[in-house]
Amino acid sequence: MLRSEKVVREDALDAIEYYFQKGWTDGLPVVPPTKEKIYEMLASVNMDPETIIGSIPERGRVFTAELVAINAVMAGCLPGYFPVVMAAAQAISEPDFGLHGPSASTHGAAIMIIVNGPITQQIGMNHGANAFGPGNRANATIGRAIRLLLINSGGSPEFDRSTLGTPAKYSFCFAEKETEWTQLHVQRGYQKLDSTVTVFACEGPNQIQNHSALKGENILKTLAERMSPLGSFNIASETEMAVTLCPEHYHHLQSEGWAKEDVQEFLYKHAVKTVKEMKLGGILEDPITSNDENIVKHAIPSPDHILLTVAGGEAGRFSACMPGWFSYKQSKAVTLPIQAATGFT
């Protein structure tokens, strides 16, 4: 039995306007969540509506399967997408993710959702051209469902103190492209044929271009420079970072024999700033000393703290990095399996 308050409106357009008035949207129209549509979502994961999925203890907020389903309907999800939404809702509720921090911070972090495994093809997710952008229903609505869940059930209108925010907070969800490299979910302990979701609190995409490099090493040097700006949390603190290589950059590196782990090691080593640079750039205000050129600050704590994926269109040498929120000790990426759903996994 559904526990949420039932609202009766004259028609669908009237219901949409009513949701705007109540502040139950992300600023865009939503799909009215009828009882039938909610139950269709729940049936796709064979779950009772009162099942507790997760919570934000600091706010006394609890996510039930019913609430997750309601927001998935509102976002425009199809029932086949719901296992991914459910796994993402569970992942952001994990203590390691520390949901309260990044979703209340003035930093305005988005929640990136990376999907791996067979389900990406089964529900038609985009890992190609415009992977971070609009146009694919699965990508757009899965990410949007998590944002609506935070708005309507997670207390975001009360707790979100973003100074600027980012358009990525509407939706930031994509599938990793399958390549010769080890997939992200395999690196994080799962099997290749497992379907998983990885959630990560981060900035919006910082695009990186290098169209001229003849050596893979020089592509990576450009990436490392973009990963270590003085104004990023990643230089001021200790955070994880997501890096997505476009296919052209990937093919160039792979043809030279670079493995994914080699790239992570190189980026860790070269994405640095010296203490002298940090002082000259205003991040540190102490006087410059003779040894400052020899002391470096890494943009990420270790190679394993780089979430490296491949996605995007086959044309164009544009990759991206997404610095994480504040500190990996307060919020780190979480990967969970997507549970079997009737007809979809």
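Buried here means under 20% relative accessible area, with exposed over 50% and partly exposed in between (1.4 Å probe, protein chains only). The buried set in H4 is made up of Phe82, Pro83, Val84, Val85, Met86, Ala87, Ala88, Ala89, Ala91 and Ile92. Helices (H or I, at least four residues) and strands (E, at least two) are DSSP runs, numbered from the N terminus. The model is a predicted one, in which local features need pLDDT of at least 70 and side-chain atom pairs count only at pLDDT 80 or more, while totals for chains, interfaces and linings use all residues. Residues are numbered from 1 along each chain as its sequence is written, and side-chain values use heavy atoms, with hydrogens and water left out.

H4 packs against H7. Their axes come within 9 Å and cross at roughly 45°; axes are lines fitted to C-alpha atoms, for helices over the stretch in contact, and angles run from 0 to 180 degrees between N-to-C directions. H4 and H7 are therefore oblique to each other, given that angles under 35 degrees count as roughly parallel, over 145 as roughly antiparallel, 65 to 115 as roughly perpendicular and the rest as oblique. The crossing of H4 with H7 is right-handed, i.e. the near helix is turned clockwise from the far one by less than a right angle, anticlockwise being left-handed. On the H4 side, Val84, Val85, Ala88, Ala89 and Ile92 meet Ile142, Ala145, Ile146, Leu149 and Leu150 of H7, contact meaning heavy atoms within 4.5 Å. That contact divides into 10 nonpolar, no polar and no charged residues. For this count, Ala, Val, Leu, Ile, Met, Phe, Trp, Tyr, Cys and Pro are nonpolar, Asp, Glu, Lys and Arg are charged, and the others, Gly among them, are polar.

H7 has another helix partner in H3 (residues 65-75), packed at an angle of about 125° with the axes 8 Å apart. H3 and H7 are therefore oblique to each other as well, and their crossing is right-handed. Leu67, Val68, Asn71, Ala72, Met74 and Ala75 of H3 meet Thr141, Arg144, Ala145, Leu148, Leu149 and Asn152 of H7. This contact comes out as eight nonpolar, three polar and one charged residues.

Next comes an open sheet of four strands, ordered S4-S3-S5-S12 with mixed pairing. Its edge strands are S4 (173-175) and S12 (334-337), each pairing on one side only. Two strands pair if DSSP finds at least two bridges between them. Neighbouring strands are turned by 20° against each other on average, direction ignored. S3 (residues 110-116) and S5 (residues 196-202) run antiparallel over seven bridges, and Asn116 has Thr196 in S5 as its bridge partner. H7 (residues 137-152) packs on this sheet, touching S3 and S4, and its direction makes about 140° with that of S3.

S11 (residues 318-323) has five of its six residues buried, so this strand too is largely enclosed by the rest of the structure. Four bridges join S11 to S6 (residues 206-209) in the antiparallel sense, with Ile208 opposite Ser319. S7 (residues 241-245) also pairs antiparallel with S11 over four bridges, and Val243 is partnered there by Cys321.
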